[in-house]
Amino acid sequence: MNTLIRRLAAFPLVLLGVSSLVFVAIRLVPGDAITAMLGTQAGLLTPAQKAALAAYFGLDRPWIAQYWHWLRALLHGDLGISVTYGKPVLEVILQRFPLTLELALLSMAIALVIGVPAGVYAATHAERRSDLVLRIGAMIGQSTPSFVFGLVIIYVLSAGFGVLPAMGTFTPLLKDPLANLGQLILPALTLGAAFAAAVTRIARSAMLDVLSEDYVRTARSRGVPARGVIWRHALPNALIPVVTVSGIEFGYLLGGAVIVEQLFALPGLGRMVLDAILQRDYALVQGTVLFIAFNFMVVNLLVDLTYVWLDPRIRARG
């Protein structure tokens with residue numbers, strides 16, 4: 001309970017720091033915001049019209065005044081209006097977030113389903129040929145960028161089977177589960193493959209450490225079956241490092257896997273915020289980054305609570 005209270009108390013301070021950083025960072029990007037918003041049409045504006053637009057969007061005021069105005073609106077739940085979409089920022093974010101959330105969950109599920117059993121198998125067959133093969137495969141997978149996996153998948157499908165994956169659209173899961181899965185399974189495999197390699201290495205290392213602990217040897221000496229020793233006694237403690245890296249990776253995935261979303265033309269959160277930066281949509285960039293930071297903190301809090309559930313010793317210290 002103390003851990004939960006401390007972490008929740010830190011939320012406002014972290015969000016305030018993030019809001020300050022992103023507010024300054026987006027305004028340090030070179031270029032004229034009005035020109036970026038309007039594109040080629042900006043050349044048709046007179047200086048007076050540009051000045052009127054800057055005043056309308058509040059860009060003619062000092063940074064501190066702009067920040068204070070945005071922060072006051074934020075305290076009332078108002079993230080501003082996106083000049084790109086002409087809608088409230090929160091509405092635009094919530095339209096794109098389901099895709100990114102589902103992609104992150106699918107990628108994480110693929111990584112854990114592959115990585116944890118592979119890591120446990122490698123640890124229980126340490127220094128054998130199968131262990132060596134898994135370790136080499138994990139190193140290759142971890143050192144290969146995600147977009148390379150995506151390009152290989154697209155090439156194999158197009159050259160080998162004459163088809164291309166569904167791109168540019170998103171069907172909600174409840175509307176058509178099969179169409180939804182068809183659109184997201186390949187991007188999820190692209191992201192999950194690299195992360196599965198990392199999970200395999202971490203799970204193997206953690207299992208090797210746990211299998212040498214006294215309580216594991218005691219369980220073996222009492223005649224507990226090998227499968228029970230591995231999955232009931234050793235694995236829960238070995239999962240703590242896996243939970244740590246999974247929480248961090250999941251937080252990043254919730255921020256939007258920009259390259260993979262671009263590669264598969266998915267209308268997700270990462271692709272949206274990249275376009276917003278290019279178009280100097282200040283309100284959308286600020287609101288999205290703040291939303292991502294909040295999700296990241298929630299994920300980290302859930303990771304801490306999972307520690308407590310997996311290891312009673314942490315609960316006793318808390």
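**View 1. Helix α5 passes helix α6 in a left-handed crossing.** In this predicted model, helix α5 covers residues 89-124 and helix α6 covers residues 129-143, and their axes come within 8 Å and cross at roughly 140°. The two helices, α5 and α6, are therefore oblique to each other. On the α5 side the meeting residues are Ala 118, Tyr 121 and Ala 122, while α6 brings Ser 130, Asp 131 and Leu 134 to them. Sorted by class, the residues of this contact of α5 with α6 comprise 4 nonpolar, 1 polar and 1 charged.

**View 2. Glu 127 lies in the loop between α5 and α6.** The backbone of Glu 127 has a phi near 65°, which is a positive value in a residue other than glycine. Most residues other than glycine have a negative phi. Is Glu 127 buried or exposed? With a relative accessible area of 63%, Glu 127 is exposed, because a residue counts as exposed over 50%.

**View 3. Helix α6 passes helix α8 in a left-handed crossing.** The helices α6 and α8 pack with their axes 8 Å apart, at an angle of about 135°. That angle makes α6 oblique to α8. From α6, the residues Asp 131, Arg 135, Ala 138, Met 139, Gly 141 and Gln 142 meet a set in α8 that consists of Ala 194, Ala 197, Ala 198, Thr 200, Arg 201 and Arg 204. This contact of α6 with α8 has, by class, 5 nonpolar, 3 polar and 4 charged residues. Asp 131 of α6, which meets α8 here, is also among the residues of α6 that meet α5.

**View 4. Helix α8 and helix α10 make a right-handed crossing.** Helix α8 (residues 177-211) and helix α10 (residues 226-254) pack with their axes 9 Å apart, at an angle of about 145°. The residues that α8 gives to the contact include Leu 191, Phe 195, Val 199 and Ile 202, and those from α10 include Ile 230, Ala 234, Leu 235 and Asn 237. How do the residues of the contact of α8 with α10 divide, and what are the numbers of nonpolar, polar and charged? They divide into 17 nonpolar, 2 polar and 1 charged.

**View 5. Gln 95 sits in helix α5.** Between the C-alpha atoms of Gln 95 and Leu 269 the distance in space is 8.9 Å, although 174 residues separate the two in sequence. At 45% relative accessibility, Gln 95 counts as partly exposed.

**View 6. Arg 280 lies in the loop between α12 (269-278) and α13 (282-310).** Here too the residue is other than glycine and its phi is positive, with a value near 55° for Arg 280. The relative accessible area of Arg 280 is 12%, and Arg 280 is therefore buried, the cut-off being under 20%.

**View 7. The whole protein chain has 14 helices and 0 strands.** Of its 318 residues, 39% count as buried. The accessible surface of the protein chain comes to about 17300 Å², and 68% of this surface belongs to carbon and sulfur atoms. Among contacts between residues at least 6 apart in sequence, 73% join residues at least 24 apart.

Methods
Residues are numbered from 1 along each chain as its sequence is written. This is a predicted model: local features need pLDDT of at least 70, side-chain atom pairs count only at pLDDT 80 or more; totals for chains, interfaces and linings use all residues. Side-chain values use heavy atoms; hydrogens and water are left out. Axes are lines fitted to C-alpha atoms, for helices over the stretch in contact, and angles run from 0 to 180 degrees between N-to-C directions. Helices (H or I, at least four residues) and strands (E, at least two) are DSSP runs, numbered from the N terminus. Angles under 35 degrees count as roughly parallel, over 145 as roughly antiparallel, 65 to 115 as roughly perpendicular and the rest as oblique. A crossing is left-handed if the near helix is turned anticlockwise from the far one by less than a right angle, and right-handed if clockwise. Contact means heavy atoms within 4.5 Å. Ala, Val, Leu, Ile, Met, Phe, Trp, Tyr, Cys and Pro count as nonpolar, Asp, Glu, Lys and Arg as charged, and the others, Gly among them, as polar. Buried means under 20% relative accessible area, exposed over 50%, partly exposed in between (1.4 Å probe, protein chains only). Accessible areas come from the Shrake-Rupley method with a 1.4 Å probe; for residues, only the protein chains shown count as cover.
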